Amino acid sequence: MIISNLPAWPLHPDGVFWVGAALVLATLTGESVFRFLRWPRLVGYAAAGMILAAGGAGLNVYDLQNSARAIVDTALAVLLFEIGHRVNLRWLRANPALLGMSLLESALGFGAVWILLAFLGLTAAQSAIVSGVLMATSPAVALRISSEFNARGQVTERLLLLSALNTFYALLVCSLLLGMMDADGPQGAAASALHLLYLLGGSVLAAALLAWAVNWVERHFDFRNEGGALMLVGLIVLTLSLTRMLNWSALLTPLLAGALLRWRSARPRVWPQHFGTAGGVLMVLMFLILGLSLNARILLAGGLTAALVVAVRLVAKLTGVLAFGRASGASWRQSLALGLALNPAAGVSFVLGLSFLSTSGGAALHPVFAVVFSAIAFLELLAPLLTRWALGHSGDIAPGSASRATGGAR
Amino acid sequence: MSLGPFTKSGALSIGVELELQIVGRHNYDLMPCAPDLLRLLQGRKLPGVVTPEMTESMIELATGICTGYDDALAQLNEIQGALVEAANKLDVGLAGGGTHPFQHWAQQRIFDKPRFLQLSELYGYLSKQFTVFGQHVHLGCPDADTALYTLHCISRFIPHFIALSASSPYVQGEDTGFHSARLNSVFAFPLSGRAPFALSWEDFERYFDKMTATGVVKSMKDFYWDIRPKPEYGTIEVRVMDTPLTITKAARIAAYIQTLGAFIQRERPFTPQEDDYLVYTFNRFQACRFGFDGTFVDPATREHRTLREDLIRTLVKLEGHAADCKADVALRELLADVSARGNDAQWIRAVHGREHHLPEVVRQQVERWMAPA
């Protein structure tokens with residue numbers, strides 16, 4: 001009988017259906033906010049995730065699926081490699097005030113959040129987790145907004161540099177904190193120090209390997225086209241899996257590899273935006289996952305404290321930038337814009353939060369994580385708007401530039 | 001506005017203006033950082049001035065009045081030093097070259113200054129396409145009539161200046177086939193071309209008054225002629241050169257113009273006439289398109305020869321005046337360019353032939369411009 005080949009009613013959509021539906025909703029929201037409000041698309045992606053979560057389709061950040069985690073890790077590896085490559089160490093030598101600015105804004109951000117939380121009754125270690133995780137300025141937001149709106153100028157260049165640097169500090173500080181938490185455990189201090197050394201040394205090694213591989217492949221293939229760029233993504237993903245197998249830092253490695261590549265050869269590299277379509281899809285999925293997991297439930301648990309943390313962090317970062325603004329050759333207007341633009345936090349902070357979550361083994365620390373993840377929810381959704389505004393205010397984004405900044409190599 | 005009197009200036013003094021490209025260190029595309037550079041140079045004492053240009057990715061430097069080659073090079077050196085220091089602080093590169101090889105004109109931002117905004121409104125996309133970079137040389141003249149005489153005599157040498165300075169083979173990512181494609185952008189302007197044939201200042205004033213009466217122009221600034229008189233300075237301004245890739249070459253070209261000025265003002269070797277201009281645009285095109293290999297038609301004898309041949313002849317003939325002007329070293333170097341080394345456009349093409357990557361070409365241009373002379 002023909003009838004028996006027809007599907008049974010009602011239909012049961014599989015996982016692919018939900019991924020497709022989520023992608024359509026995310027891109028629809030992203031394009032809408034971009035076109036009608038001239039907001040960054042990624043705000044739309046994250047918002048779509050939150051809407052879906054409110055409808056009951058959310059992810060549980062305390063028990064995140066492996067597939068979701070793998071997507072976020074891959075997206076971050078690509079982004080960190082890209083922003084690492086924007087670090088021009090020669091600039092820091094020519095303009096040491098920038099290094100001072102970077103160190104001060106990160107230190108003040110860390111210190112201010114730590115003091116606030118200690119004052120609110122958290123232990124020193126708990127406060128340090130939140131402060132460390134939130135030191136980073138989201139490289140994804142910095143890269144994405146600057147390319148989406150074709151931002152060009154001093155504030156954009158400095159935003160990318162400071163984002164790469166404070167992400168680097170955050171990764172170091174968090175590794176250190178994780179090591180210290182480990183040292184309190186059964187293994188003891190010596191073993192955990194050794195482990196930290198292994199982690200950092202291994203990451204440097206893997207970074208050198210990746211940089212060397214990219215440099216070698218680059219001599220034979222053109223990374224300016226989509227196909228070549230895909231090979232670059234492949235190399236990054238391979239390195240990512242290597243670092244995971246060997247327990248090295250999956251975040252530090254691509255960041256260092258990018259910086260190393262830039263430092264070793266002056267030849268300018270022009271890659272398609274986020275390495276073409278592959279990188280673009282990863283980016284959408286990452287923000288969607290962030291929105292799905294950092295949802296209203298999390299905000300209810302830690303929102304109030306998180307709001308305070310966000311406010312204190314904003315003031316601290318702004319102060320750090322303003323202190324060195326003029327000395328570094330920026331105008332007051334540019335320094336103000338830069339200080340505000342540095343606020344977004346997203347993927348890196350999210351993954352750092354997750355790594356603390358997995359080592360602390362859960363329940364006892366939950367109030368801290370509610371604060372961490374609520375703060376990230378605020379900072380991935382609202383702070384990009386601040387960055388967008390700041391870059392417009394400084395003149396780095398020209399009025400009306402978004403309409404033609406939709407594609408192509410930069 | 002009337003033309004005003006022709007100021008007296010030191011005969012054969014020179015002044016050099018260079019328009020420079022500001023590029024980012026990441027992809028070597030143009031970067032709108034002129035306001036930042038100007039802010040960093042504020043209050044710094046320089047032998048000349050640094051000023052904004054039409055778009056925010058350009059900056060112009062100008063020497064003060066120079067006695068000759070050594071003085072011009074010394075002044076350029078000092079201004080370059082200050083600019084390089086500021087650029088390093090901002091992590092931007094500064095480069096010579098008549099065009100940026102792959103910038104997109106639609107992305108340029110007009111510098112926020114009334115005159116530039118007004119020009120931008122008038123010329124539309126032309127003003128953004130005018131993101132080209134030239135060298136201007138002022139030559140001091142003892143009086144207005146000598147200035148006009150010098151102007152019309154020196155017109156004959158315009159192809160020389162073009163071929164020597166040419167550094168704009170690429171436009172919008174394409175090889176144009178030209179040595180100086182920059183001038184093609186300049187020719188698009190309605191008031192470009194050559195100055196009217198007038199050998200006395202009264203005649204010239206009469207022309208200027210007639211033109212202002214039409215309402216088409218308000219001041220000398222509205223003329224984009226290849227050479228124009230600048231009565232406020234008491235100079236004539238040669239404007240056809242691309243910005244060379246180094247300040248040394250810019251100073252050498254200025255020295256060549258000074259030496260020609262000495263030859264013309266002291267020997268009065270030509271009797272300028274309207275018919276000299278019959279071959280003018282042909283010669284100019286040949287220089288833009290083919291550089292030293294272009295055909296040169298002698299305006300007086302109608303004789304055809306290569307531009308290289310005419311340049312070598314002229315440089316050799318000028319040896320005596322060059323020694324008087326202390327420009328002999330500079331002219332010998334130019335002779336080596338003409339006979340062996342080639343011009344900057346050829347250098348740029350050779351680099352691209354090696355690298356196949358225009359951002360890398362710009363990076364090497366930046367290295368050359370920012371290196372101490």
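Modeller: Happy to! This is a predicted model. Let's begin where the chains meet: chain B brings 18 residues to the contact and chain A brings 17. On chain B, helices H1 (34–41), H2 (69–90) and H15 (358–370) each supply at least two residues of the side that touches chain A.

Colleague: What makes up the side of chain B that touches chain A, by class?

Modeller: That side has seven nonpolar, three polar and eight charged residues.

Colleague: Now the helices. Why are H9(B) and H13(B) called roughly perpendicular to each other?

Modeller: The axes of H9 (residues 247–267) and H13 (residues 328–341) of chain B cross at roughly 110° and come within 9 Å. Angles from 65 to 115 degrees count as roughly perpendicular, and therefore H9(B) and H13(B) get that name. The crossing of H9(B) past H13(B) is left-handed.

Colleague: Which residues make that contact?

Modeller: From H9(B) they are B:Ala251, B:Arg252, B:Ala255, B:Tyr256 and B:Thr259, and from H13(B) they are B:Ala330, B:Leu331, B:Glu333 and B:Leu334. By class, that gives six nonpolar, one polar and two charged residues.

Colleague: And how do you know that strands S2 and S3 of chain B pair?

Modeller: Pairing takes at least two bridges, and S2 (residues 49–52) and S3 (residues 58–62) of chain B have four, in the antiparallel sense. B:Val49, for example, stands opposite B:Ala62 in S3(B).

Colleague: What joins S2(B) to S3(B)?

Modeller: A hairpin does, through five residues.

Methods:
Residues numbered from 1 in each chain as written. Chains lettered and ligands numbered in written order. Predicted model: local features only at pLDDT ≥ 70, side-chain atom pairs only at ≥ 80, totals over all residues. Axes fitted to C-alpha atoms, helices over the stretch in contact; angles between N-to-C directions. Parallel < 35°, antiparallel > 145°, perpendicular 65-115°, else oblique. Left-handed = near helix turned anticlockwise from the far one by under 90°. Contact = placed C-beta atoms within 7 Å. Nonpolar A, V, L, I, M, F, W, Y, C, P; charged D, E, K, R; others polar.
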